[in-house]
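Subject: Structure handover, with notes on its salt bridges

Dear colleague,

I am passing on the structure that we talked about, and I would be grateful if you opened it beside this message.

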Amino acid sequence: MTIRYPNGKLYSPNPAVQKTAKKGKEKDFSFSNRGKTLEDEINEANDYYVKRRFAIIHKKPVPVQIVKVEYPSRSAAVIREAYFRTPSTTDYNGVWNGHYIDFDAKETASKTSFPLKNIHLHQMTHMQQVTEQNGVAFIIVRFSAYERYFIVPYDVLQKAWLAMENGERKSIPFSTIEKDAFEIPTSYFPRIDYLPIVQKLIEAKSHGSESEEIVE
């Protein structure tokens, strides 16, 4: 099936998410996590949170306009071409402990940095708007080479984005991620229990705001 963006550009799935190992063999992350994408792991965590009434966080539906359908039989329809009606913002949003949570999921095979090309301008704009309304905006990044997960706050992304617009590097060094982001430890189930780390992000933002008020 062909899917296009609102500007007509052909949609291509993220190769970091869709890639498969050579000769049909899946990359062996661990027995419990074999073959799962970051999206699978986040969905698993969100289901866990909802069932236990910890939080209500879901993947956002993306409106699609179908433009070409074929009917190979009277009881079946095959979609041949479709368009995203609007550019996507971020992947997930919801409410947890009185906080509005809004974030995107990104994977990279790079061992040295997170490429900013994985983020779009309209996503940065959306996260800025969420932050201005006192929401919690971030991305969850999986460095597949290390099987390490990080919550990267919007302010870290914004700093790197502005530097890129000023002609500086087009990625965030892995060393910066380790220093300024919040690592999510893996566990058995759910594999990435990310909400306790979101709490650390919220506490860090709160302490930062208090420090700014003292300085003023």
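What follows is a short account of the salt bridges.

Please keep in mind that this is a predicted model, in which local features need pLDDT of at least 70 and side-chain atom pairs count only at pLDDT 80 or more, while totals for chains, interfaces and linings use all residues. Residues are numbered from 1 along each chain as its sequence is written, and side-chain values use heavy atoms, with hydrogens and water left out.

Side chains of opposite charge can pair when their charged atoms come close. With a salt bridge taken as a side-chain nitrogen of Lys or Arg within 4 Å of a carboxyl oxygen of Asp or Glu, the count comes to twelve salt bridges.

One of them joins D91 to K59, with the closest N and O atoms 3.9 Å apart. Because D91 lies in the loop between β4 (76-84) and β5 (92-96), whereas K59 belongs to strand β2 (residues 56-59), this pair ties together parts that are 32 residues apart in sequence. Strands here are DSSP runs (E, at least two residues), numbered from the N terminus.

As for accessibility, buried means under 20% relative accessible area, exposed over 50%, and partly exposed in between (1.4 Å probe, protein chains only). K59, at 36%, is partly exposed.

D180 and K179 also form a salt bridge, at 3.0 Å from N to O; D180 is partly exposed at 30%, while K179 is exposed at 62%.

E147 and R142, by contrast, are both buried, and their salt bridge has its closest N and O atoms 4.0 Å apart. These two residues also belong to a network of salt bridges that links them with E41, E107 and R191.

Technical notes:
Helices (H or I, at least four residues) and strands (E, at least two) are DSSP runs, numbered from the N terminus.
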